[in-house]
Amino acid sequence: MSTVPAVDPTASGPPPSPPPDATHPDSQLHELRLRGVTRDYGAHTALHPLDLTLHGGEFVALLGPSGSGKTTALNCLAGLLPLTGGQITLDGRRIDTLPPEKRGFGMVFQNYALFPHLSARANIAFGLRMRRTPKAEINRRVDEVLRLVKLTEQARKHPGQLSGGQQQRVAIARAIVLEPPLVLMDEPLSNLDAALRLEMRSEIRRIHQEFGLTTVYVTHDQEEALSLADRLVVLHEGRVSQIGTPADLYEHPANPHVASFMGYRNLLHLEVASADARGTLTRGRGLELRGTAVANHLLATGDQVIVAIRPEDLHPAEDPGTGNIEAIAEIVEYHGRQFHVEGLTRHGDRVHFTTTAHLRPDDAVCLTVPADRAMVFPRQPQESIA
Ligand code: ADP
Ligand code: MG
């Protein structure tokens, strides 16, 4: 009892949540299942039925723009928010009725939530002390985790004496020293500058792997999600847009929303001129483009569609005049090996493309895209993704 520091946890943010019975090293989960998990705030549904099964050792990212329900979903998992509907089971055992401390998940927040008056070491040891872990074992485990997050030299410093990246590493260490079955992270890198964000991104992946963690990671940054996660759950207005591996989503986005998130910056509103086994011919806005209908969508002549193309798949044609999209270059940015160009078509559609040729503003170009790199999505009435 005397080893528990006398602190008021409410003074400096949420304390770590020590599970009373999770013991080293059998705390690995095998399967976490969310079934129809929903959450309302009054009349507003922030999370529509979410079905998701997580496997031990997986790194899953919840990706979506601000307000899409990511934090709501994470807090439902953590037990910080009661569900409005649905169930969560951990290896067959229902956990959505348990309070956060009984779930025993590790949490890492954007604002670190460290105790300012405790050293890095004491912050990390806090949860183990709460659990009355023997002193020798606390020391052994804290040393191990300090080494893993590369903070052995900084262990005596207080949070105020550490850089943002070091504080975030203390927060991660504090969560994982308890060897939780699941680690939940909510935009943990968004308070860091760009260079540190990149460095910490690979640190998080390394720690996940070396410690054999199962991680759910919330972010609005698709690059972060793609580089970190084994699987992504893309959320849009509280609904799942698509679940898949980075390659699935990158190569086969299910809808224009996911496509725009995956870097398909050109989203042209066209109409189907003909659709057959050879592909889909689309027309409109002064253009004629051959594309590929995305899986499971049968298209017919006259259908309204959105054609999605990545800038890196759209280039000026080798023989001028043979391309499909005539445009005037407006903004030309130098990006090392190539130029990123923003242009306008005759009908005023904005197009983004890349080229190794040194274009200047006002140059006329005729752009071309391979038919298998132009994704044709059916368009709902009034649908517009800008
Ligand atoms: P994200 O983390 O993706 O930015 P949130 O889960 O925080 O999104 O929010 C999802 C939606 O729920 C938003 O429309 C937000 O305004 C609303 N919301 C979040 N928290 C509350 C709350 N405590 N009370 C009412 N509405 C909320
Ligand atoms: Mg959020």
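## Packing inside the model

Isoleucine 204 touches Phe59, Ile172, Met185, Pro188, Leu189, Tyr217 and Leu228, when residues up to four places away in sequence are not counted. The model is a predicted one, and in it Ile204 belongs to the largest nonpolar core, which has 54 residues and in which Val142, Ile176, Ile204, Leu232 and Met262 touch the most other members. Helix α5, made of residues 164-176, gives the most to this core, namely six residues. Because domain 1 (31-105 + 180-256) and domain 2 (264-378) both give residues to the core, it lies between them. Apart from this core lies another, of 30 residues, including Leu34, Cys76, Ala113 and Val216.

Helix α4 covers residues 135-148, and its 14 residues reach 20 Å from the first C-alpha to the last, close to the 20 Å expected at 1.5 Å a residue.

| Group in α4 | Residues |
|---|---|
| Buried | Ile138, Arg141, Val142, Val145, Leu146, Leu148 |
| Exposed, on the face turned away from the buried side | Ala136, Arg147 |

Why do the buried residues of α4 line one face of the helix? Seen down the axis of α4, they fall within an arc of 155°, and therefore they line one face. In general, an α-helix has 3.6 residues a turn, so residues three or four places apart point the same way. The buried residues of α4 are covered by parts that include α3 (120-130), α5 and α6 (194-210). Just after α4, lysine 150 takes a positive phi of about 60°.

Key
Residues numbered from 1 in each chain as written. Chains lettered and ligands numbered in written order. Predicted model: local features only at pLDDT ≥ 70, side-chain atom pairs only at ≥ 80, totals over all residues. Heavy atoms only, no water. Core = buried A, V, L, I, M, F, W, Y, C linked by side-chain atoms within 4.5 Å. Buried < 20%, exposed > 50% of the residue type's maximum accessible area, 1.4 Å probe, protein only. Helix = DSSP H or I, 4+ residues; strand = E, 2+ residues; numbered from the N terminus. Domains from an automatic or database assignment. Contact = heavy atoms within 4.5 Å. Expected span 1.5 Å × (residues − 1). Arc of directions from axis to C-beta.
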